[in-house]
Amino acid sequence: MVYGLIICAGKQSRFKSQTPKALVTVKGKTLLQRNIEAMSKECDKIYVVCSNQNQHYFDYKNKIFFESGKGSGDAVWQALERLNIKKGDFCYVLWGDALTTPEIYTQIKNAYKKDGVIPCVYESNPYVQIIPKENGGVSAKFSKFNEKTTAGYHDLSLFYFDADVLLKKLRDFRNKITDKNGNYCHKHGNEMELLDVFNETNIKPDILEIKHYKDFSFNTVEQLKDLLEKQDVIEK
């Protein structure tokens, strides 16, 4: 099985809107509609991963929802645990506030070699920097946690993994940072960030550099307005 997980469980406090960012309409279709269409040729099943608080917004048959607020890695872990993942399964993980196109999924599948693939662009000042390790795999630095980033790779909010491997590494990561009271204890906001699975385990994805890619992701209403003013951000 190949699963597609569209993660829409965030609090979106910076966006300042009750409506989830995944349901913003762009040229007649929501981001969610566009992403489901782009994923559909590569996935056997696509799930919207949301929270107890916002799941009523999503009129989609395949939903996984739970009490959120524990980090993106926690959301992915909970989703994979519910899917009864088996050896040989794969999964795409996409943040709900990013737009993808069908072409990128073909590039990802062709690049798969080890545990997973992280499509990236090269930027002078990445918000999150994905750094290749000498022994294989990657690490991640976060500017939002005051970690110094340099010119380098930035992920495109989309990931492709051997689902069984990812689930096992997320379990390892979760066990590593869970205290005796069942709370997460980690330097990055005491949450379980998905990108920290690269820092805290020996999972080994490859970086796939995507050139001339039109990034469409946003955190604030102002950023969304700026993107929508760019008429060529999507073709139709």
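Predicted model: local features only at pLDDT ≥ 70, side-chain atom pairs only at ≥ 80, totals over all residues.
In soluble globular proteins, nonpolar side chains tend to be buried together. The largest nonpolar core here has 41 residues, and the members that touch the most other members are Leu-5, Leu-80, Val-93, Leu-166, Leu-170 and Leu-194. Helix α4 gives the most to this core, contributing seven residues. The surroundings of Val-93 can be listed in detail: beyond residues up to four places away in sequence, Val-93 touches Leu-5, Ile-7, Val-76, Ser-157, Leu-158, Phe-159 and Leu-194.

Helix α3, covering residues 102–111, has Ile-104, Tyr-105, Ile-108 and Ala-111 as its buried residues. Viewed down the axis of α3, these residues fall within an arc of 130 degrees, so they line one face of the helix. The face turned away from the buried side carries the exposed residues Glu-103 and Asn-110. The cover over the buried residues of α3 includes two kinds of element: the helix α1 (31–39), and the strands β6 (90–95), β7 (116–123), β11 (158–162) and β12 (205–209).

Charged side chains provide a further set of links, and the whole structure holds nine salt bridges. In one of them, the side chains of Glu-81 and Arg-171 meet at 2.9 Å, N to O. This pair links distant parts of the chain, since Glu-81 belongs to helix α2 (residues 72–82) and Arg-171 to helix α4, 90 residues apart. Glu-81 counts as partly exposed because its relative accessibility is 32%, and Arg-171 is likewise partly exposed, at 36%.

Another salt bridge joins Glu-193 and Lys-144, at 3.4 Å, N to O. Here the partners sit in loops 49 residues apart: Glu-193 in the loop between α4 and α5, and Lys-144 in the loop between β9 (138–142) and β10 (152–155). Glu-193 is buried, with a relative accessible area of 11%, whereas Lys-144 is partly exposed, with 42%.

Glu-200 also forms a salt bridge, with Lys-176, and the closest N and O atoms are 2.9 Å apart. Because Glu-200 lies in helix α5 and Lys-176 in helix α4, the pair ties together parts that are 24 residues apart in sequence. Glu-200 is partly exposed, with a relative accessible area of 23%, while Lys-176 is exposed, with 53%.

The loop between α4 (163–177) and α5 (196–200) also contains Thr-178. With 26% relative accessibility, Thr-178 counts as partly exposed. Its side chain reaches the backbone oxygen of Arg-174 at 2.5 Å. Beyond its neighbours within four places in sequence, Thr-178 is in contact with Asn-183 and Tyr-184. Between Thr-178 and Asn-190, the C-alpha to C-alpha distance is 9.5 Å, over a sequence separation of 12 residues.

Thr-30, in strand β3 (residues 29–30), is buried at 14% relative accessibility. Leaving out residues up to four places away in sequence, Thr-30 touches Ala-22, Leu-23, Val-24 and Thr-25.

Finally, the cysteines. The structure holds zero disulfides. Cys-50 is in no disulfide, and the nearest cysteine sulfur, belonging to Cys-8, is 6.9 Å away; the cut-off for a disulfide is 2.5 Å. Cys-50 counts as buried, at 0% relative accessibility, whereas Cys-185 counts as exposed, at 52%.

Note on methods. Residues numbered from 1 in each chain as written. Heavy atoms only, no water. Helix = DSSP H or I, 4+ residues; strand = E, 2+ residues; numbered from the N terminus. Buried < 20%, exposed > 50% of the residue type's maximum accessible area, 1.4 Å probe, protein only. Contact = heavy atoms within 4.5 Å. Polar contact = N/O pair within 3.5 Å; in protein donor to acceptor, adjacent residues only side chain to side chain. Core = buried A, V, L, I, M, F, W, Y, C linked by side-chain atoms within 4.5 Å. Arc of directions from axis to C-beta. Salt bridge = Lys/Arg side-chain N within 4 Å of Asp/Glu carboxyl O.
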